Amino acid sequence: MTSNHMHDHGGDVNHVGADAMTGIRDWNTESIRRDFPILKREVNGTRLVYLDNAATSQKPVQVIAELTRYYRDYNANIHRGVHTLSQEATAAYEGVREKIARFIGAKRPEEIIFTRNTTEAINLVAHTWARANLQAGDEILISELEHHSNIVPWQMLRDERGIVLKYIPMLQDGTLDMAVARTLIGPKTKLLSITQMSNALGTIIPVRELADLAHAQGAIVLVDGAQGVPHLATDVTAIGADFLAFSAHKMLGPTGIGVLWGRYALLEAMPPFMGGGDMILSVTMEQSTWNDVPHKFEAGTPNIADTIAFGTAIDYLSALGMDAVHQHESDLLGYALDRMVDVPGITIYGPEDRSIRGGVLSFSLDGIHPHDIGQVLDSHGVAIRAGHHCAQPVMACLEIPATARASFYIYNTREEVDVLVDATREVVRFFGGVHA
Amino acid sequence: MPDAALEDLYREILLDHYRNPRHHGHLDAANHKADGANPLCGDQITIEATVNADGRIEDIAFSGAGCSISQASSSMMTVYVAGHTTAEALRAVETFQQMMLTGEAPSTAEQDLGDIEALAGVAKFPVRVKCASLAWKTLQQALQSQTAAAVTTDERSE
Ligand SMILES: Cc1ncc(COP(=O)(O)O)c(C=O)c1O
């Protein structure tokens, strides 16, 4: 680093004591909340209660400041300038690769490929690794709990290549049918692509167990970490992943930046994704030779500003400690579940066993459509998601059109859960007497 | 309710149609039919109509599931168009869509939509306009085609 301004964050990333990694003892939600100016906002005349974190998280001032700082102080294109600004920008950008590698336990920073989001990361694997390695008759195994972005790319590949797409069924409690999973994973399975945590129901998936079964058959394992990485301590080796995809915007970072992590040997053997500048070593009129991993997969000028600000988001979460993050959310979820069960006519979806639930509370109210729930909650300043959560197979399995979903993050409080519960009771009163 | 806009959205007449939907079910002798869906909120509707040789809607029914706005709008729509000619019904569809754009009840007597004007408040909630419009778009589809047709509003992703 040729300049020290990259270390100079907009505020202290210091909300916990020195033993942040070991526990929640010193967790200070009030101090965290001060870093999120949006939480002071009023919506419909009341204080915003933001419970749509599974869709996207809010951003702390440190991240917002880093975005501005880059544009103000050292904006330049990367990897191609000898001048000072370009060197600073390149160092900051590449520094984020290192941070992320450490954050997910990757062996080397080159294994981090920047994409736009999780969706693009999964599509990258579908376009490069899968097209180079899969043939007609090969099987891809996903699950009924997947987000559309981990379904549609494989359906497209199936239709194009005659690949067989199979689904691990989900049970009514929102867990996967592991007995059937064992029978589905076989010698024809070439890819297991599985979510780490369900965005619709919050189920934490036994990824390692499934990965071991898949690896025993020689298959490759892609983990959709869009919900897992922001909320659970994630180590790529521990979960048994060969690829991991996630998005910055769900973990305090900006929109427009995501990550594909892959084992180096796999990435090295893969053909490039898009063609253009930065991804080549040399170009003649006849042909080009590919640049090294990861640049081979990052054609054109990347999203420099958002990547750098994503690094600040990683710093923020690292300072809190991901175990503490999960513990905070589990505490809130437990409190919310205990209070919400008493709301008349409520059905809460997802596993009974709270130890396999992330901070997601998906529910419905008898005879009241989730869209109406969302509308009335919004009038109380409570932002939740109502819909199928881009997981229509989950809704089909539960035989419901949609759910209302509250999802928590580091800045949410028990008082906010109280507002949610009271507002949900209002919904029941308002639409009361409606036939189911 | 803390919010006047919300009361404007969920008018009493609308909640009444939601709780006690009229013309809900199926017809034995329908000669017009269409399905509509609003994937964002999971609203689904089927409209069946019996249109006689004079082009008059003798009977109409809707079925399906959806939010209060889409269900109430469907119910109110069926009450309005039953007994009207298809030409009148199609004109009402246009008047309704205009009302969703402007948030204003129609100004002329021949465009009078009666109770349905209670839905004008929906225009303030752009996401819900789709819910309110679904029944009308599906009606249009049903009247314009004898065979089953499907209407789908576009989907936003998460
Ligand atoms: C489990 C899961 N996978 C994938 C995605 C897609 O993420 P993005 O829209 O950032 O590509 C999401 C986002 O909601 C998700 O929850």
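This note comments on a predicted model of chains A and B, point by point.

1. Basis of the note. The model is predicted: local features need pLDDT of at least 70, side-chain atom pairs count only at pLDDT 80 or more, and totals for chains, interfaces and linings use all residues. Residues are numbered from 1 along each chain as its sequence is written, chains are lettered from A and ligands numbered from 1 in the order in which they are written, and side-chain values use heavy atoms, with hydrogens and water left out.

2. Chain B. Five helices and four strands make up the secondary structure listed for chain B; helices (H or I, at least four residues) and strands (E, at least two) are DSSP runs, numbered from the N terminus. Their order along the sequence is α-α-β-β-β-α-α-α-β. Chain B has 158 residues, of which 51% count as buried. Buried here means under 20% relative accessible area, exposed means over 50%, and partly exposed lies in between (1.4 Å probe, protein chains only). Where residues of chain B at least 6 apart in sequence are in contact (heavy atoms within 4.5 Å), 61% of these contacts join residues at least 24 apart.

3. Extent of the interface. Chain B contributes 26 residues to the contact and chain A contributes 33 residues. The two chains bury about 2,200 Å² between them, with 55% of it on carbon and sulfur atoms. Buried area is the accessible area (1.4 Å probe) that two parts lose on being put together, summed over both.

4. One salt bridge is found across the interface of chain B and chain A, the criterion being a side-chain nitrogen of Lys or Arg within 4 Å of a carboxyl oxygen of Asp or Glu. R128(B) and D372(A) form a salt bridge through their side chains, at 2.8 Å from N to O.

5. Helix 1 (4–9), helix 2 (12–19), helix 3 (68–81) and helix 5 (126–144) of chain B each supply at least two residues of the side that touches chain A. That side comprises 16 nonpolar, four polar and six charged residues. In this classification, Ala, Val, Leu, Ile, Met, Phe, Trp, Tyr, Cys and Pro are nonpolar, Asp, Glu, Lys and Arg are charged, and the others, Gly among them, are polar.

6. Strand 10 of chain A. Strand 10 (residues 258–262) of chain A is largely enclosed by the rest of the structure, because five of its five residues are buried. On one side lie G258(A), L260(A) and G262(A), on the other V259(A) and W261(A), and all are buried. Strands count as paired if DSSP finds at least two bridges between them. Strand 4 (residues 112–115) of chain A runs antiparallel to strand 10 and is joined to it by four bridges; T115(A) has G258(A) as its bridge partner. Strand 9 (residues 243–247) of chain A is also antiparallel to strand 10, with five bridges, and L244(A) has W261(A) as its bridge partner.

7. Over all chains, the count comes to 24 salt bridges. One of them joins the side chains of R97(A) and E298(A), at 2.7 Å from N to O. This pair links distant parts of the chain, 201 residues apart: R97(A) is in helix 3 (residues 84–103) of chain A, and E298(A) is in the loop between strand 12 (288–290) and helix 11 (304–320) of chain A. Both R97(A) and E298(A) are buried. E94(A) joins R97(A) and E298(A) in a network of salt bridges.

8. Two further salt bridges in chain A. R131(A) and E160(A) form a salt bridge, with the closest N and O atoms 2.4 Å apart. R131(A) belongs to helix 4 (residues 118–133) of chain A and E160(A) to helix 5 (residues 152–161) of chain A, 29 residues apart. R131(A) is partly exposed at 23% relative accessibility, and E160(A) is partly exposed at 44%. The side chains of K166(A) and E139(A) also meet in a salt bridge, at 3.3 Å from N to O. K166(A) lies in strand 6 (residues 164–168) and E139(A) in strand 5 (residues 139–143) of chain A, so the pair ties together parts that are 27 residues apart in sequence. K166(A) is partly exposed, with a relative accessible area of 28%, whereas E139(A) is buried, at 10%.

9. Q227(A). The loop between strand 8 (220–224) and helix 8 (228–231) of chain A contains Q227(A). Q227(A) has a relative accessible area of 5% and therefore counts as buried. A polar atom of the Q227(A) side chain lies 2.9 Å from the backbone oxygen of A54(A).

Conventions:
Polar contact = N/O pair within 3.5 Å; in protein donor to acceptor, adjacent residues only side chain to side chain.
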